Amino acid sequence: MTTYRDNRGEIQDRRLFITRLAPYTKKEKLLELFKPRGAQHSVILRKPTGNQAFITFETSTQAQETLQAAKRGIFCHKRKLKVLPADAWHDVKLLTPRPDVNPFPGLDLSEPIPLPMECIALITTFLPFIDRARLEMTSRRWRQGSLLSYQSIRSISLDDWRWPDGWDGKKVTENSLYWLVQRAGNKIKSVNLNNDTIAKYLQPQIITIIVKNCPHIETIDLIGTTIRPSAIRAIEPIAHQLTNFSIGTCQGPIETHLTNIFSSARQLKSFSTASTNFFSESITYITSDLQKLYLDKNADLHTEHIAHTLSTFTTLQYLEIKSCNSLTNGDILKALSNNSSYKHSLKTLKIHDCAFGVFGLNMPEEEAEEQPEFIELDLGPIEPIDHLPSNLQAVTTLSLTFCGWVTATFILEVATHLKNLSSLDLSNRCRFM
């Protein structure tokens, strides 16, 4: 009786070894592929290093012909197969998987490697503050990493605020903000609460809480937030370090508190207001080194205060006055024309919808003859207004819209003196002669 051991050499000559198989290749597919060449039987070995197979042919001649054809290319599942003569059936190199190589020699991988604290801190910086609070309750290590992530925070801005859909915006905003100022207060230097869609969820005392927990604040922007006098009063102790200050709508008198702030804020570089109810006497206490002044829809401003303040500035670079209807004469334009510092410092001048009381210029000639004294009074500011551009030679952006005092002479002066001008807007002026 002939046994397998007796015929092992003859069978080995009829067997080929196949590699580079796709992970999903089945032995039926292989048998179908090689059957035209005389394949009788196929075996696939599933191994971690990749699938391999043995194929047995009817004769050793067919196996050799297939081996030669494989040099020209035999493909299965768009892969070029590697065909080799088969080793012994129980060859150790084929049946034993390759040993795993330790990528970190000398390091015991049997225990988990702790994630570095810096990596945890970096991961938490991509999470909303409400999720950071949850992370701190995971474990002591993740709490330490979460607390470390606050060290990189230098500002609070509601423009970057986000919370999951369906959450109570008021609750999430307040909790997140309180959580933030308690952990990063000593590092924060800028507070931006000018997003009114989110600021409406904040309690009035939030400014006081922020100031007390963030002693190094240099920039405060409250234009989009309705505030109370107590919030302005809370800013007074840190006024000496302010460089940028912006306020919006206020509920109650704030003139005294603003006076105290401006008297201390000798480093102030920018001051902005929008729809703020104050009488502008406090503005006269602003440092002469201010670089930016923005006044928008302030109904109670006094012309003499604004004009006096503009006459004292020495480094003002940006001035914008919009829709301040209480400014009723040309003293502001005189101050701009008479302050020689603006010839070198002022770069941007924007005045929108401010007539400055220059309304007598459109009088008919017969009325002017009947009342010459009124004409003489109204024409007083004409000359400094028309010659204002000669004192603004450094201006690069000029926007004077809805301003009836812009005359043809004024436009000629602009063309003559403003050589550095890159942006000009004189639209919707009320008179052309």
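Here is a chat about some residues and pairings in a predicted model.

User: What should I know before I start?
Analyst: This is a predicted model, where local features need pLDDT of at least 70, side-chain atom pairs count only at pLDDT 80 or more, and totals for chains, interfaces and linings use all residues. Residues are numbered from 1 along each chain as its sequence is written, and side-chain values use heavy atoms, with hydrogens and water left out.

User: OK, salt bridges. How many does the structure hold?
Analyst: Three salt bridges. The term stands for a side-chain nitrogen of Lys or Arg within 4 Å of a carboxyl oxygen of Asp or Glu.

User: Which residues are linked in a network of salt bridges?
Analyst: Glu136, Arg143 and Arg183. Glutamate 136 meets arginine 143 at 3.0 Å, N to O, and glutamate 136 meets arginine 183 at 3.1 Å, N to O.

User: Where do glutamate 136 and arginine 183 lie?
Analyst: Glutamate 136 lies in the loop between helix H6 (129-135) and H7, while arginine 183 lies in helix H8 (residues 169-184), so their pair ties together parts that are 47 residues apart in sequence. Helices (H or I, at least four residues) and strands (E, at least two) are DSSP runs, numbered from the N terminus.

User: Is glutamate 136 buried or exposed?
Analyst: Glutamate 136 counts as buried, at 6% relative accessibility. Buried means under 20% relative accessible area, exposed means over 50%, and partly exposed is in between (1.4 Å probe, protein chains only). Arginine 143 counts as partly exposed at 37%, and arginine 183 counts as partly exposed at 22%.

User: And which residue does aspartate 296 form a salt bridge with?
Analyst: With lysine 297, the closest N and O atoms being 3.3 Å apart. Aspartate 296 counts as buried at 9% relative accessibility, whereas lysine 297 counts as partly exposed at 46%.

User: What is serine 146 in contact with?
Analyst: Leaving aside neighbours within four places in sequence, serine 146 is in contact (heavy atoms within 4.5 Å) with Ile120, Thr124, Arg132, Leu135 and Glu136. So Glu136 comes up again there. Serine 146 has its place in helix H7 (residues 140-149) and counts as buried, at 0% relative accessibility.

User: New topic: where is glutamate 320?
Analyst: In strand E13 (residues 318-322). Glutamate 320 is buried yet has no salt bridge.

User: What joins the side chains of glutamate 320 and tyrosine 318?
Analyst: A polar contact of 2.4 Å. That term is for a pair of N or O atoms within 3.5 Å; within protein, one must be able to donate a hydrogen and the other to accept it, and residues adjacent in sequence count only if both atoms are side-chain atoms. Leaving aside neighbours within four places in sequence, glutamate 320 is in contact with Leu293, Tyr294, Leu295 and Lys350.

User: Rings now. How many aromatic pairs are there?
Analyst: The count comes to five aromatic pairs. Rings of Phe, Tyr and Trp (its six-membered ring) pair if their centres lie within 6.5 Å; planes under 30 degrees apart count as stacked, over 60 as edge-to-face and the rest as tilted. Phenylalanine 245 and phenylalanine 271 form a tilted pair, 6.0 Å centre to centre with 35° between the planes. Phenylalanine 245 lies in strand E10 (residues 244-247) and phenylalanine 271 in strand E11 (residues 270-274), so that pair ties together parts 26 residues apart in sequence.

User: Why is the pair of phenylalanine 262 and phenylalanine 271 edge-to-face?
Analyst: Because their ring centres are 4.8 Å apart and their planes are at 85°. Both phenylalanine 262 and phenylalanine 271 are buried. Ring pairs link Phe245, Phe262 and Phe271 into a cluster.

Technical notes. Lys and Arg count as positive and Asp and Glu as negative; His and the chain ends are not counted.
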